[in-house]
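This report covers a pocket, the nonpolar cores and the aromatic pairs of one protein model.

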Amino acid sequence: MSVWSNLASIVAAIGSGGAQMVDRLVQLVLSRPEGTNTVGFTVAMIALSAKMAKADGVVTADEVLAFQELFDIPVGEERNVARLFNLAQEDVAGFEVYAKKLADLFPYDRITLVDILDGLFHIAKADGVVHDSEIGYLSRVAEVFGLSEAEFQRIMARHVRENGNPYAVIGLGPEASDEDLKARYRREVQETHPDRLIARGVPEEFVRIANDRLAALNAAWAQIRMERGI
């Protein structure tokens with residue numbers, strides 16, 4: 001059964017939503033032994049994207065389009081995606097509980113949680129600016145995911161690049177040697193390959209995140225090389 005067929009059955013079982021929607025949703029995802037990570041990842045992105053879009057008070061067409069860029073939604077499944085999106089965006093309240101339960105779908109898998117945050121940033125910046133309310137939302141989601149402040153700042157540096165810190169993108173400080181910076185850059189590029197995301201159960205369409213991450217790494221490394229003359 002495909003992730004989209006799973007999603008259709010999940011949406012049908014949720015019904016009208018309500019206070020128990022999150023618990024029912026997670027239970028339904030966990031009840032599927034095959035493809036749990038893929039289904040859980042897709043559901044997490046739909047619901048958390050909707051709640052984040054609501055964080056600044058307005059869900060814009062740009063944000064909806066940015067979400068659609070990340071997933072190749074089959075013809076006929078748009079209604080199910082829209083249904084879950086609309087249920088989730090009714091209220092930002094409760095997103096912390098939601099984030100915690102969804103993080104439980106990926107125990108010991110911090111990399112996938114970073115993928116989710118990258119996807120959320122992609123949507124947040126769709127209207128040309130990441131608002132303070134969105135940064136606050138994303139920072140709290142990162143905290144619930146168990147990511148450190150340094151990890152969150154590094155993720156944010158990849159997306160909010162105006163006057164950004166290229167060292168934060170690479171993941172080392174300016175005191176690092178040229179050799180260490182080059183080694184870290186090469187390792188990060190290798191880890192960013194789209195095949196690595198797909199191997200972790202991330203939907204194939206989500207390679208846009210890998211491409212954005214790679215562009216940020218390349219831009220940061222180019223700036224460091226120019227500043228250091230290496």
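## Largest pocket

Helices α7 (110–124), α9 (149–159) and α11 (178–191) each supply at least two residues of the lining of the largest pocket. Helices here are DSSP runs of H or I with at least four residues, numbered from the N terminus. The biggest contribution to this lining is that of α9, with five residues. The model is a predicted one, in which local features need pLDDT of at least 70 and side-chain atom pairs count only at pLDDT 80 or more, while totals for chains, interfaces and linings use all residues. Residues are numbered from 1 along each chain as its sequence is written, and side-chain values use heavy atoms, with hydrogens and water left out.

The volume of the largest pocket is about 380 Å³, taken as the space filled by probe spheres set on grid points that are joined across faces, edges and corners. A pocket is an open set of points on a 1 Å grid over the protein atoms alone, where a 1.4 Å probe fits, with protein on both sides within 12 Å along at least five of seven lines; lining residues have an atom within 4 Å of a point. The lining has 15 residues, and Ile-111, Val-114, Arg-154, Arg-158 and Glu-188 lie nearest the centre. By class, the lining comprises nine charged, four nonpolar and two polar residues (charged: Asp, Glu, Lys and Arg; nonpolar: Ala, Val, Leu, Ile, Met, Phe, Trp, Tyr, Cys and Pro; polar: the others, Gly among them).

## Nonpolar cores

The largest nonpolar core has 37 residues, and Ile-116, Leu-117, Leu-120, Leu-138 and Phe-145 have the most contacts inside it. Eight residues of this core come from α7, the largest share. A nonpolar core is a set of buried Ala, Val, Leu, Ile, Met, Phe, Trp, Tyr and Cys residues joined through side-chain atoms within 4.5 Å; buried means under 20% relative accessible area, with a 1.4 Å probe and protein chains only.

Another core, of twelve residues, lies apart from the largest one and includes Leu-181, Ala-216, Ala-220 and Ile-224.

## Aromatic pairs

There are two aromatic pairs, that is, rings of Phe, Tyr and Trp (its six-membered ring) with centres within 6.5 Å; planes under 30 degrees apart count as stacked, over 60 as edge-to-face and the rest as tilted. Phe-121 and Phe-152 form a tilted pair, 5.9 Å centre to centre with 35 degrees between the planes. Phe-121 belongs to α7 and Phe-152 to α9, so this pair ties together parts 31 residues apart in sequence. Phe-121 is buried at 0% relative accessibility, and Phe-152 is buried at 3%.

Tyr-185 and Trp-221 form a stacked pair, 5.1 Å centre to centre with 15 degrees between the planes. Tyr-185 lies in α11 and Trp-221 in α13 (residues 207–228), 36 residues apart. Both Tyr-185 and Trp-221 are buried.

Technical notes: Buried means under 20% relative accessible area, exposed over 50%, partly exposed in between (1.4 Å probe, protein chains only).
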